[in-house]
Amino acid sequence: MTTLPQRRARRPLHFSVARIAALIAVVLATGACDAELDSGLAETPQPGLATDDAATPSPSVSSSADAVATMDPQPFELRLDPVADGLDLPIWASSPSDGRTWVAEQGGRIVVIEDDTVRDDPVVDLGDRVLSGGERGLLAFAFSPEMPGRMLVHYSARPDGRTRIASLAVDIERGVADASSEQVLLEVAQPAANHNGGSILFGPDRNLWIALGDGGGARDQFDQAQRADTLLGAILRVTVDTDGAGYTIPADNPDPEGATGAPEVWAIGMRNPWRMAFDEGRLHIADVGQDQREEVDVIDVFAGSVGSRPANVARPNFGWPLREGTECFSGDCGRDLELIDPVVEFSHDDGCSIIGGMVYRGTAIPGLQGHYLYSDLCGGFLRSFRLAEDGVVAEEADWSDQVGPLGTPLSFGLDADGEVLLLSADGRVRRLVAAAGSAA
Ligand SMILES: [Ca+2]
């Protein structure tokens with residue numbers, strides 16, 4: 001994938017001191033802020049690294065004045081409508097196509113929202129086996145049409161917080177899963193509490209894609225992200241057995257025989273890919289940065305299309321810790337490697353941990369078609385960009401003035417109609433809609 005033009009986030013966020021204090025309080029309470037956790041590990045800035053990103057913009061990043069000039073006028077207005085509240089750290093939402101929205105809470109419950117009301121009985125409660133707190137917990141769930149009687153879950157397991165990918169028997173119609181039916185597909189030891197990644201997704205290739213962080217601490221201290229022989233700091237791709245009991249390696253994985261690394265590893269160079277999303281064959285990965293940059297990486301996963309992995313590179317490499325965003329971070333910055341730089345990045349002037357969303361493909365807001373939505377745990381903004389066919393950023397927008405501050409967003413999700421949901425640490429689930437009377 002060629003390096004695409006980078007643009008700085010264009011609209012500075014206006015925080016009051018009180019708001020920052022409130023945000024920090026929430027972040028500390030949830031322990032979810034990557035920056036907080038990293039700084040708690042006796043982190044010291046690396047000599048030679050700029051500490052004030054704004055004062056030393058990367059040459060590859062366009063000036064903010066330029067970026068403002070590229071911003072399109074917004075012909076319609078967005079709003080966030082309440083769907084549900086009172087949830088306990090809602091962290092993922094999607095629908096098994098039953099007309100209802102299922103929402104995971106970090107502590108281990110999955111609940112059903114029907115007609116914008118949370119049903120009393122949860123789908124399942126995995127609290128007896130989920131180790132929750134900080135960046136650990138029940139992180140995501142996924143469904144596959146080929147596996148109608150099972151659902152997959154991704155969580156931090158008791159007692160040591162190891163990553164576990166497991167399947168559960170599920171009755172989608174009744175909205176009930178059986179915790180006792182669990183079959184473990186994959187376990188990965190986690191050397192620290194943070195950077196567990198999070199996403200599990202079934203791709204358009206019907207394989208399961210798993211995002212795992214670099215094992216945590218800070219600065220890839222466990223030396224995981226540039227290695228292909230471990231499952232950390234990587235995007236994995238496997239074919240789940242239709243009975244949900246195990247998996248096999250797709251024959252077109254980069255190294256299906258495991259000659260040069262783990263056969264599950266499809267890409268390396270990830271730091272903490274908390275959320276990823278497919279838009280047809282285009283995989284979007286929001287990778288949480290260290291002290292300076294937050295980024296969205298995009299790659300077409302099918303050979304021959306824009307941004308597909310270079311033919312001479314075994315596995316796509318997204319750069320961490322050689323680079324943080326497009327900036328040099330360690331070593332020789334990957335000078336001789338074919339690294340894939342982000343399509344969009346922003347500095348810690350605007351946030352601390354990117355919350356990746358998805359490309360809007362709903363029907364209620366036609367003007368938003370094709371826009372990838374994202375936010376930030378501390379920044380609380382709502383931004384989007386749209387890529388042209390050739391993978392270049394064609395449009396960017398900041399919707400924060402319209403929707404208001406998001407609070408502390410934990411994740412985006414999708415409802416049964418494919419409309420975008422926003423899940424926040426205050427327990428609310430809200431739906432993105434076009435404001436009445438606007439020409440969406
Ligand atoms: Ca990167």
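## A strand pair and its hairpin

Leu 414 stands opposite Val 420 in β27. Strand β26, which covers residues 409-414, and β27 pair in the antiparallel sense over five bridges. Two strands count as paired if DSSP finds at least two bridges between them. Strands are DSSP runs of E with at least two residues, helices are runs of H or I with at least four residues, and both are numbered from the N terminus. β26 and β27 form a hairpin with five residues between them. In the turn of this hairpin, Gly 418 has a positive phi of about 80 degrees.

## Basis of the model

This is a predicted model, in which local features need pLDDT of at least 70, side-chain atom pairs count only at pLDDT 80 or more, and totals for chains, interfaces and linings use all residues. Residues are numbered from 1 along each chain as its sequence is written.

The pLDDT, which is the predictor's confidence in each residue on a scale from 0 to 100, averages 84 over the protein chain. A score of at least 70 is reached by 80% of the residues. Two segments stay under 50: residues 1-70, for which the model has 98 contacts beyond four places in sequence, and residues 304-309, for which it has 14 such contacts. Two residues are in contact if their C-beta atoms, placed from the backbone, lie within 7 Å. Where pLDDT is low, the predicted coordinates should not be read in detail.

## Overall composition

The secondary structure of the protein chain comes to four helices and 28 strands. Of its 440 residues, 52% count as buried. A residue is buried if 20 or more other C-beta atoms lie within 10 Å of its own, exposed if 12 or fewer do, and partly exposed in between, with C-beta atoms placed from the backbone. Among contacts in the chain with a separation of 6 or more, 60% are between residues 24 or more positions apart.

## The sheet containing β27

Four strands form an open sheet in the order β1-β28-β27-β26, and the pairing is antiparallel. The edge strands are β1 (78-84) and β26, each of which pairs on one side only. The twist averages 30 degrees from one strand to the next. For such angles, axes are lines fitted to C-alpha atoms, for helices over the stretch in contact, and values run from 0 to 180 degrees between N-to-C directions.

Strand β27 spans residues 420-424, and five of its five residues are buried. Both faces are covered, with Val 420, Leu 422 and Ser 424 on one side and Leu 421 and Leu 423 on the other. β27 also pairs with β28 (residues 429-434) in the antiparallel sense, over three bridges. In β28, Arg 430 is the bridge partner of Leu 422, and Val 429 stands opposite Leu 423. These two strands form a hairpin with four residues between them, and Gly 427 in the turn has a positive phi of about 90 degrees.

## The sheet containing β18

A further open sheet of four strands has the order β16-β17-β18-β21, with antiparallel pairing. Its edge strands are β16 (273-279) and β21 (344-347), each pairing on one side only. Neighbouring strands of this sheet are turned by 15 degrees against each other on average, direction ignored.

Within the sheet, four bridges join β18, residues 293-300, to the antiparallel strand β21. Val 344 in β21 is the bridge partner of Val 296.

## Backbone exceptions

Most residues other than glycine have a negative phi, and most peptide bonds are trans. The peptide bond from Arg 158 to Pro 159 is cis, with omega near 0 degrees. Pro 159 is placed in the loop between β8 (150-157) and β9 (162-171). The bond from Trp 320 to Pro 321 is also cis, with omega near 0 degrees, and Pro 321 lies in the loop between β18 and β19 (323-324).

Asp 116, a residue other than glycine, has a positive phi near 60 degrees and is found in the loop between β4 (109-114) and β5 (117-118). Asp 116 counts as partly exposed because it has 13 C-beta neighbours inside 10 Å. For Arg 206, phi is likewise positive, near 70 degrees. Arg 206 has its place in the loop between β11 (200-202) and β12 (208-212), and 13 C-beta neighbours inside 10 Å make it partly exposed.
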